[in-house]
Amino acid sequence: MLRCAVLDDYQDVALGLADWSRVRARSYREHFTGHDDLVAAIHDCEIVVVMRERTPFTADLFARLPNLRLLITTGPRNASIDLTAAREQGVTVCGTASSPAPAVELTWALILGLARHLVPEATAMRAGGPWQHTVGAGLYGRTLGLVGLGKIGARVAAVGRAFDMDVTAWSQNLTEERAAAAGARLAPDLDALLSCSDVVSVHLVLGDRTRGLIGTRELSLMKPTAYLVNTARAAIVDQDALASALREGNIAGAGLDVFEAEPLPGGHEFRTLPNVLATPHLGYVTEQNYGTYFREAVEDIDAFLAGAPIRLLT
């Protein structure tokens, strides 16, 4: 029976969400920060299941895992897997489906949490503190600026319209027709979107054109009353520039679910800045999504063992 390791199972739920009986499966709640510890833990495994991009699989790591035959990522793509190195090592790489709905829901949880100061107000309630000590920012009639209008951004736009917000959007390839189909206005450029928006929400794929897209200059264009929300990829926004803007009060706050180092180090200021609402990369973490991930991971294993791999990543 082949051995299978499930990595970064933070909630210790993977083995209970699917039938792993065809393999000898074990899961790891801890995140391995170095290759040495990771290799020591999984060197004997022919199959490894990774949770999204939590653990990168580089050429060096593939070379140190000679027993590995099948690597499965939750989700349909994974930029942290070196697919060329996988092919060279003879490792098959497969994925699973993933719903955009949970990321949309978390985006709005962050927007609403920031605008209505839910965390400080709830904390004060628990501590017997002041009754009503903040004044919320209403969303009705305000401008929602979406940086990216794909599957997730378009759904975020729909909710914005339900709140009677003025929805504007921009990305490098977005057209007026596609923006209108999603119920948004096309901003002339990124600068214009940042300047006019009361809430800016990022929904782009990380790549060469989007890395560091929003930096010091771009943040300076935002209103001092505006919020920035990022549930996409941390590196799209220059992290030092964002921390500085928040620290100096150049923007009202940020809702962050993604970070360049994950788990976020304990002393990082995004954990402590009073105008940051931060969550530990929960965008895709729902019962429904996890059920899909691990059921389809087992389907990938079954298909591989039958000699007909499915959902191949190339």
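## Salt bridges, helix packing and backbone features

The side chains of Arg26 and Asp44 come together in a salt bridge, with N to O at 2.7 Å. This pair connects distant parts of the chain, since Arg26 belongs to strand S2 (residues 24–27) while Asp44 sits in the loop between helix H1 (35–42) and strand S3 (47–50), the two being 18 residues apart. Arg26 counts as partly exposed, at 26% relative accessibility, whereas Asp44 counts as buried, at 19% relative accessibility. The model in which this pair is found is a predicted one, and the structure holds 13 salt bridges.

Another of these salt bridges is formed by Lys223 and Asp198, whose closest N and O atoms are 3.0 Å apart. Here too distant parts of the chain are linked, with Lys223 in the loop between helix H9 (216–220) and strand S10 (227–230), and Asp198 in the loop between helix H8 (190–196) and strand S9 (199–202), 25 residues apart. Lys223 is partly exposed at 27% relative accessibility, and Asp198 is buried, with a relative accessible area of 10%.

A further salt bridge joins Arg311 to Glu296, where the closest N and O atoms are 3.5 Å apart. Because Arg311 lies in the segment after helix H11 (287–305) and Glu296 lies in helix H11, this pair ties together parts that are 15 residues apart in sequence. Arg311 is partly exposed, with a relative accessible area of 30%, while Glu296 is buried, its relative accessible area being 16%. Both residues belong to a network of salt bridges that also links Glu299 and Asp300.

| Pair | N to O distance |
|---|---|
| Arg26 and Asp44 | 2.7 Å |
| Lys223 and Asp198 | 3.0 Å |
| Arg311 and Glu296 | 3.5 Å |

Attention can now turn to helix H1 and its surroundings. In H1, the residues Leu38, Val39, Ala41 and Ile42 are buried. Seen down the axis of H1, these buried residues fall within an arc of 165°, and so they line one face of the helix. An α-helix has 3.6 residues a turn, so residues three or four places apart point the same way. On the other side of H1, Asp36, Asp37 and Ala40 are exposed. The cover over the buried residues of H1 includes strand S1 (3–6), S2, S3 and helix H2 (59–63).

Leu7 is placed in the loop between S1 and S2, and Leu7 is buried, with a relative accessible area of 2%. When residues up to four places away in sequence are not counted, Leu7 touches Tyr28, Phe32, Leu38, Ile42, Val48, Val49, Val50, Met51, Thr55 and Phe57. Among these contacts of Leu7 are Leu38 and Ile42, which are also among the buried residues of H1. Leu7 and Ala122, by contrast, are 34 Å apart in space, C-alpha to C-alpha, and 115 residues apart in sequence.

Elsewhere in the chain, helix H4 (residues 101–115) and helix H6 (residues 151–162) pack against each other at an angle of about 45°, their axes being 9 Å apart. That angle makes H4 oblique to H6, and the crossing of H4 and H6 is right-handed. On the H4 side, Ala101, Ala103, Val104, Thr107 and Trp108 take part in the meeting, and on the H6 side their counterparts are Ile152, Arg155, Val156, Val159 and Gly160.

The backbone also deserves a look. Most residues other than glycine have a negative phi, and most peptide bonds are trans. The peptide bond from Glu262 to Pro263, however, is cis, with omega near -5°, and Pro263 is placed in the loop between strand S11 (253–256) and strand S12 (276–278). His117, a residue other than glycine, has a positive phi near 55°. His117 lies in the loop between H4 and helix H5 (118–127) and is partly exposed, with a relative accessible area of 21%. A positive phi, near 50°, is also found at Arg311, again a residue other than glycine.

Conventions:
Residues are numbered from 1 along each chain as its sequence is written. This is a predicted model: local features need pLDDT of at least 70, side-chain atom pairs count only at pLDDT 80 or more; totals for chains, interfaces and linings use all residues. Side-chain values use heavy atoms; hydrogens and water are left out. A salt bridge is a side-chain nitrogen of Lys or Arg within 4 Å of a carboxyl oxygen of Asp or Glu. Helices (H or I, at least four residues) and strands (E, at least two) are DSSP runs, numbered from the N terminus. Buried means under 20% relative accessible area, exposed over 50%, partly exposed in between (1.4 Å probe, protein chains only). The arc is that of the directions from the helix axis to the C-beta atoms. Contact means heavy atoms within 4.5 Å. Axes are lines fitted to C-alpha atoms, for helices over the stretch in contact, and angles run from 0 to 180 degrees between N-to-C directions. Angles under 35 degrees count as roughly parallel, over 145 as roughly antiparallel, 65 to 115 as roughly perpendicular and the rest as oblique. A crossing is left-handed if the near helix is turned anticlockwise from the far one by less than a right angle, and right-handed if clockwise.
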